[in-house]
Amino acid sequence: MKKKLLIIGLVLLTATVLVAQPATEKKYATLQIYAALDTEEAQYYIEAFEKSTGIKVEFVRMSSGEVGARIEAEKNNPQASVWFGGSNTDHINVHAKGLLMPYKPKTDFELAPMLHADDYGWNGFYTGAIGFVTNTEFLKKNNIEAPQSWADLLKPEFHGQIEMAYPYTSGTGYTAWATIIQDKGLEKALDWWELLDKNIHQYTASGTACIARAGLGECAVGIAFSHDIIAKGVGMGYPLVMSFPSEGTGFEVGGVSMIKGARQVEEAQIFIDWCFSEEAQNLFKKYSRLPVNPKATVAEGAIKLSDINLIDYDAVQMGQRKDEFVTAWRDRIGK
Amino acid sequence: MKQHSKSRIQQINEIKKLIREPFLFISILVIFYLLIVFVIFPIFQVFKTSFMVDGHFTLKNYRDVLRQSYYIRPLFNSILLGVLVATIGTFVGFVFAYAITRTPMRGKGIFRLIATFPMVSPPFVVALACILLFGRAGIFAGLLGNIYGLTGLTIVETIAYAPTAFLALIGVLQAIDPSLEEAAMDCGASRGKVFSTIILPLALPGIVSAWLLVFIQSLADFGTPMILSGNYQVLSVQAYLQITGMFDLARGSTLAILLLLPTVIAFYLQKYLLSKKSYVTVTGKPTSATIKNLEWYIKYPVYAMCLIFAFIVLLFYGMVVWGSFQKLWGVDSTLTLRNYVQMWKIGKKYIKDSLLLSFIVTPITGVLGMFIAYLISRKQFVGRNLMEFSSMLTFAVPGTVVGIGYILAFNNPSFFMPVTLTGTSIIIIALLIFRNLPVGIRNGVAAIEQIDPSIEEASIDLGADSGVTFRKVTLPMITPAFFSGLANCFVRSMTAISAIIFVVSGRWNFITVAVLGFVDNSQYAQAAAMSLLLISIVLLALGVIQIITNRLGKGMQSFSIIEQ
């Protein structure tokens, strides 16, 4: 009998708690985000956002390619509202398929035209350039210099020593490939890459993997974004040096966008606005990303885009024709 | 399973019995519904997607895939790797099984434990250890040349899957009555002759079956090649990259089907071989081999090989422990606990989710598996073979294929499943239950078939219905097998990666996915710390279940849970 009373009591208690819940519920829904940043870094920004706005966030970390695949697969029933991070080429590619929802963020500065889609389908909240990262012990041992140009990468001393991401699995890999296309035109770029391929040790799935691998001596040279090179290589204490190709290099604009059919529209807008705030942009220091808000402070050692030779990178064309360029690469290189 | 020859009248009686038992009837319907939704439907979706372009039926995807070297080479790579791993793994497994069943080797218990240990960790932990040992920044840097590729994959998968062969073969060797060998020896046959004319022919179906099991596991392995494949591309990873990197569901599904075919063929070949029991000597209970003066030239090479393999296993796992305390792997070897702190900070949620979901999945899988085992081995009903086939199917289908099938099947409401499951915990729970169900069923069938059906028949004749009979008669007798199924399911849930990686979400994530993320960033020390935590949790759970089993199994034969 006592047992029965206890059970009834428990049931009633649970029911009360369940019924009482809505009254104490916060005004905002929980924001669902797909983050194409590393878990640790994404968590760092998102925790700051939660603290600053009181909006709860749940996120999944994926490569930007994966995010695109998920958004497309889920287009009839989107699971997330915001796509946070990843090269704008990938955002452009997905936007071209009509899967993103334009939103012009409220900023206290003018967002340069290269930092957003014409209709604000995506918005760029940081930038970074493609660079080379080289193991200094390897250089010392072989008494050579770090590569200073794309042409240097073809030198025999780097035979089987270069690593980078597949252009079809990573925004980093694709930006490097797109840079060469834009510099030489597709046909010549393919010929050139066949030569480079002889010096490639292996391609990796993720864009940043080659940095620590160069640091560990698993390979000698990596091709990656400058901010990643600093945050995950030089800054971690690996024996690495960063250099940039003298012919000019490509760069990425890190994108944030709202997914079409987003369920938490208001929360998503607040999040995108927050990404451009001075508070958020100051956080990029920790991971050496270059902020787009002029008021934000830049990390020590980070290379500003104005310091290096950039090509006139056409992110829109490279984004829209990504499938074509990637297929051309795979057909020729065969990997 | 048991084919009783029976008359028409008996058959009619059976149908009558079924109708008289609505509980049984309804449960059969429910199980069929679940199997269709969570096993058949997702795999069907993969097939369908591979034959579709813009909503039309076409063979274009297959033409594309078969024409391009970069699609077709991974298929051959996967098969070559599978053949190598299966061959070496089966050899290692056989040597171990032989040493344990046929030699007076000392410390058999320890060897047994070491030989089965890799089963409680995800295979990619071995891959991680391989990098720590033989990578360019490793302890034995350069010793094996470039480990990113076929060499590394073969070593790692052999360590990870030789235990499968070992467990399959120890059963086979135990089933061969040693008195046969003794008789041959007494008649003057040499050791070599006994081996080649008695042991080998008798064990051959078992050896081939072990070979096929390892082959399937290697083909389906995802975590190891994800970390170690270098330029040696394999199919499971390529199918994943095709979908996640190229947004290409159609060709990703096509690659998945290419991966599916050899595994399913191997799986049913293996089942067919096992069903041919005629090879095994059934002369009462297997007696432990009486070992009389085994020649030194057999003994010592066998011992040496066991020692070497045991040493390699210990070396690999030891390396993970050592690596987890290093400040920055390869650069700063100061010992520190920082990795554990960092791992905990980032990994808390992953660990919590993995544990919670595995705890939900394990009992459901155990009960459902046992119940299906009971149905297919004790009950006659229409579609029984179909039930057996479909419930065993997920065991043969590589995780990558299942994962792709789940995202294709449950992203949108459908006829079978009126609500969307993507992003929920349900999709992960369902995936784990139906991935692990075959193990539970196999355990259950084996246990139930040891029970004489006449005991149950007596109960039914005395007026109890199927439910009561199952609860009061069958269940108590199969309890040890049930708990061993639980242990197995928990281990498999906690270490799952290949299918899970497709269905994790912001709300629900998995510890194995987190480890892979660390490895991706070359944060080997943190990856090692998290792997160790994972292994510790699994060992702890195994220990608890073993204690429970021993308590319940008092008076029954002693029972080791890992080995079922």
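Predicted model: local features only at pLDDT ≥ 70, side-chain atom pairs only at ≥ 80, totals over all residues.
Residues are numbered from 1 along each chain as its sequence is written, and chains are lettered from A and ligands numbered from 1 in the order in which they are written.

**Figure 1. Overview of chain A.** The C-alpha trace of chain A spans about 85 × 45 × 40 Å along its principal axes. Chain A contains 13 helices and eleven strands; helices (H or I, at least four residues) and strands (E, at least two) are DSSP runs, numbered from the N terminus. Of its 335 residues, 53% count as buried. A residue is buried if 20 or more other C-beta atoms lie within 10 Å of its own, exposed if 12 or fewer, and partly exposed in between, with C-beta atoms placed from the backbone. Among the contacts in chain A with a separation of 6 or more, 77% join residues 24 or more positions apart; two residues are in contact if their C-beta atoms, placed from the backbone, lie within 7 Å. The pLDDT (the predictor's confidence in each residue, from 0 to 100) averages 88 in chain A, and 92% of the residues score at least 70. Over residues 15–25 of chain A the pLDDT is below 50, and this stretch has zero contacts in the model beyond near neighbours in sequence.

**Figure 2. The two domains of chain A.** Domain 1 of chain A covers 31–126 + 253–300, and domain 2 covers 128–251 + 322–333; the bounds come from an automatic or database domain assignment. Their C-alpha centres lie 26 Å apart. In this view, 13 residues of domain 1 of chain A are in contact with 13 residues of domain 2 of chain A. On the domain 1 side, α3 (64–73), β3 (82–87) and α4 (88–96) of chain A each supply at least two residues, and α4(A) gives the largest share, three residues. This side has three nonpolar, eight polar and two charged residues. Here Ala, Val, Leu, Ile, Met, Phe, Trp, Tyr, Cys and Pro count as nonpolar, Asp, Glu, Lys and Arg as charged, and the others, Gly among them, as polar.

**Figure 3. The contact between chains A and B.** Chain A contributes 43 residues and chain B 35 residues. On the chain A side, the elements that each supply at least two residues include β1 (31–35), α2 (39–53), β2 (57–61) and α13 (322–333). The largest share of this side, six residues, comes from α3(A). By class, the side of chain A that touches chain B has 14 nonpolar, 17 polar and twelve charged residues.

**Figure 4. The largest nonpolar core and the surroundings of V82(A).** A nonpolar core is a set of buried Ala, Val, Leu, Ile, Met, Phe, Trp, Tyr and Cys residues joined through C-beta atoms within 7 Å. The largest such core has 275 residues, and V82(A) and L128(B) have the most contacts inside it. Helix α7 (residues 150–175) of chain B gives the largest share, 15 residues. Both domain 1 and domain 2 of chain A give residues to this core, so it lies between them. Leaving aside neighbours within four places in sequence, the contacts of V82(A) include L31(A), I33(A), V256(A) and M258(A).

**Figure 5. The loop residue Y103(A).** Y103(A) is placed in the loop between β4 (100–101) and β5 (123–135) of chain A. This residue is buried, with 21 other C-beta atoms within 10 Å. Not counting residues up to four places away in sequence, Y103(A) touches Y120(A), M258(A), Q269(A) and I272(A).

**Figure 6. Strand β8 of chain A and its partners.** All five residues of strand β8 (residues 221–225) of chain A are buried. Five bridges join β8(A) to β5(A), and the two run antiparallel; G131(A) stands opposite A224(A). Strand β6 (residues 162–165) of chain A runs parallel to β8(A), with two bridges between them, and I162(A) has V221(A) as its bridge partner. Two strands pair if DSSP finds at least two bridges between them.

**Figure 7. Two residues with positive phi.** Most residues other than glycine have a negative phi. S288(A) has a phi near 60 degrees and lies in the loop between α11 (278–283) and β11 (290–291) of chain A. S288(A) is buried, with 24 other C-beta atoms within 10 Å. D54(B) has a positive phi of about 50 degrees and is placed in the loop between β1 (52–53) and β2 (56–57) of chain B. D54(B) is exposed, with 7 other C-beta atoms within 10 Å.
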